[in-house]
Amino acid sequence: MTSNYVKENEISNRTLSQQIADSITMEIIDGKYKPGERLYEMKLTEHFGTSRAPIREALYILEKEGVVERSPRRGVFVKNYTFKELFDLYDVIYRLEEIALEKTCESISDSQVTYLKGLLGQMESEAEKKKIRNYFSLMEKLQISFFEVTGNEVLKEVYTNLITRITRLRFMSLSHPLSLEHSIEEYKDIVEGIIERNYDKVKFHLKRKETRALEIWKQKGY
């Protein structure tokens, strides 16, 4: 009985912490918390009406994902990325995507094409309804599918380990005006290129996507 309670309680706390982490992210997107601003645990417990444990866990989640940073003896602050840091992150991730997409163009099967088209259709539907969270979840599935098609587990592992550092940043960038509309068009062009086995076309649209993503952060003042 005790063991089951503890297990259920741990799951409940993790779920609450994730929800709080999501809420803090959205508040950063909305401008409630600015880059470099300190996040106080006590104020957050009052804001969310909870104990300090899930707040601490939420902040650790956000720290791991690169949304906040912890300074010894000072506290937790909204991560204030330099443009160089953002550029370096995007540079590595997009180069990995180039490798995966080139291999995808070479080896994708008809059934895998059908799967990608299905995901893309769902993404388009969510984009039309402005459901950013649902769209983002499907977008992540599409992204990882590119790596799964390659059959290269090392490539996939390197990508999945690195992508956690930029996941929230990608989610935040989707909140930018017209970003959702641009994003779905870019993915449609990329998938179309994959279907045609035209890597040059895929690479062109991927580069366009990368350039637009970095331009968003410039406009945000990074």
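Reply: Helix 10 gives the most to the lining of the largest cavity, with four residues. Please note that this is a predicted model.

Me: How many cavities of 30 Å³ or more does the search find?
Reply: The search of the whole structure finds two. The largest cavity has a volume of about 120 Å³.

Me: Which elements give two or more residues to the lining of that largest one?
Reply: They are helix 4 (83–107), helix 8 (167–173), helix 9 (179–195) and helix 10 (199–219).

Me: And what is the lining like by class?
Reply: The lining has six nonpolar, three polar and three charged residues. Among them are Tyr90, Tyr94, Ser183 and Arg212.

Me: Serine 183: buried or exposed?
Reply: Serine 183 is buried, because its relative accessible area is 2%, under the 20% cut-off. Serine 183 lies in helix 9 and touches Tyr135, Met139, Leu174 and Arg212, not counting residues up to four places away in sequence.

Me: Changing topic, how many aromatic pairs are there?
Reply: The count comes to three. In one of them, the rings of tyrosine 90 and tyrosine 94 have centres 6.0 Å apart and planes at 15 degrees, so the pair is stacked. Both residues lie in helix 4, four residues apart, about one turn of the helix.

Me: Which other pair is stacked?
Reply: Phenylalanine 147 and tyrosine 159 form a stacked pair, at 4.0 Å centre to centre with 20 degrees between the planes. Phenylalanine 147 lies in helix 6 and tyrosine 159 in helix 7, so the pair ties together parts that are 12 residues apart in sequence. Both phenylalanine 147 and tyrosine 159 are buried.

How values were computed
Residues are numbered from 1 along each chain as its sequence is written. This is a predicted model: local features need pLDDT of at least 70, side-chain atom pairs count only at pLDDT 80 or more; totals for chains, interfaces and linings use all residues. Side-chain values use heavy atoms; hydrogens and water are left out. On a 1 Å grid over the protein atoms alone, a cavity is a set of points where a 1.4 Å probe fits but cannot get out, and a pocket is an open set with protein on both sides within 12 Å along at least five of seven lines; lining residues have an atom within 4 Å of a point. Grid points are joined across faces, edges and corners, and a volume is the space filled by probe spheres set on the points. Ala, Val, Leu, Ile, Met, Phe, Trp, Tyr, Cys and Pro count as nonpolar, Asp, Glu, Lys and Arg as charged, and the others, Gly among them, as polar. Buried means under 20% relative accessible area, exposed over 50%, partly exposed in between (1.4 Å probe, protein chains only). Contact means heavy atoms within 4.5 Å. Rings of Phe, Tyr and Trp (its six-membered ring) pair if their centres lie within 6.5 Å; planes under 30 degrees apart count as stacked, over 60 as edge-to-face and the rest as tilted.
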